[in-house]
Amino acid sequence: MAKVTPDKPMYRMPVSFGPTPGPRQAPEGGPFSDLQASRRRSATVTFRSEADQLTALMPPGFTLHGDPLVTIETHRLSNLHWLAGRGYNLLTVKIPAEFIGKRDRAQGPLMVVMWEDLPDAILSGREELGYNKLYCELPEPRVLKGREHHAATWLGHKFLDMWVEPIEEVSPDHPAAPSIGGVMHYKYIPRTGDWGVAETAYAAITPPVPGALRVLRKWNCSGSVEFRKSTWEQLPTQYHVINRLAELENLEIVSASMSEAEGSTDLSEQKQLL
């Protein structure tokens with residue numbers, strides 16, 4: 001996919017003020033160059049669930065592919081060039097899927113939902129990339145004797161608890177290390193004034209970018225994760241998401257890990273699946 005260039009800038013609302021600076025567009029108009037300076041600390045827990053429950057979460061064109069696994073990831077990003085050295089935190093839920101379209105066929109993790117604690121990242125990721133992004137607070141993990149407790153809240157209401165505890169440090173090249181890319185999404189935007197009709201609805205993929213992320217350290221862990229069932233009063237705009245995730249059978253923890261890495265991609269390689 002083509003990068004943004006000064007002679008072909010990218011706009012986002014409000015367009016009256018000119019091209020919008022963001023992850024894929026530097027102030028001077030082109031892409032950022034120093035992506036390897038960014039840092040990432042991750043924690044991951046994967047559990048086995050029921051296939052029919054995961055099938056029910058599949059958007060059009062997708063089917064469950066392989067074992068019925070649910071992977072929860074937290075990432076704490078820092079030193080991001082597009083934020084002038086700042087960072088933010090995110091939480092994702094992925095399940096293995098296959099997409100079969102009229103032209104394309106792809107297999108890999110489907111990101112059914114992502115939470116971030118920075119509105120700037122949410123807006124650009126939803127509008128430009130088609131990521132299923134929502135907002136929540138993602139406080140720094142509480143650490144006691146190496147055991148990390150990760151939580152997610154919305155206006156003070158906690159809806160996720162996740163624990164990871166290192167067992168052993170392993171090679172950074174361990175195959176379960178976090179990666180950038182190879183993840184699928186489903187973009188949907190309703191039509192203004194015709195709210196039950198889609199203005200845009202299609203699958204998208206973040207292709208893998210070899211070498212974009214370098215894992216520095218990695219640990220195999222024990223872990224657990226729990227979504228807390230919530231009422232409309234507690235989570236008026238997200239209770240339907242949280243409750244579906246809370247209802248998923250957690251039959252066994254398959255794996256857990258922690259890692260530290262450097263590098264990134266501006267995700268300009270994102271493309272539509274047809």
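**A patch, a helix and its strands**

Author: Tyr11, Met13 and Val15 make a nonpolar surface patch of about 360 Å². This is a predicted model, in which local features need pLDDT of at least 70 and side-chain atom pairs need 80 or more, while totals for chains, interfaces and linings use all residues. Residues are numbered from 1 along each chain as its sequence is written, and side-chain values use heavy atoms, without hydrogens or water.

Patch residues have over 30% relative accessible area and no salt bridge; nonpolar side chains (Val, Leu, Ile, Met, Phe, Trp, Tyr) are joined within 5 Å, like charges within 9 Å. Areas come from the Shrake-Rupley method with a 1.4 Å probe, and for residues only the protein chains shown count as cover. A salt bridge puts a Lys or Arg side-chain nitrogen within 4 Å of an Asp or Glu carboxyl oxygen.

Met13 sits in the segment before strand 1 (39-48). Met13 counts as exposed because its relative accessibility is 69%; exposed means over 50%, buried under 20%, partly exposed in between.

Now helix 3 (residues 239-246). Its buried residues are Val241, Ile242, Asn243 and Leu245. They pack against strands 4 (88-100), 5 (105-116), 6 (133-135), 9 (157-170) and 12 (214-227). Contact means heavy atoms within 4.5 Å. Helices (H or I, at least four residues) and strands (E, at least two) are DSSP runs, numbered from the N terminus.

Some of these strands pair, which takes at least two DSSP bridges. Strands 4 and 5 run antiparallel, joined by 11 bridges. They form a hairpin with 4 residues between them. Glu98 has Gln107 in strand 5 as its bridge partner. Strands 5 and 6 pair in the parallel sense over 3 bridges. There, Glu116 has Tyr135 in strand 6 as its bridge partner.

Definitions and conventions: Buried means under 20% relative accessible area, exposed over 50%, partly exposed in between (1.4 Å probe, protein chains only).
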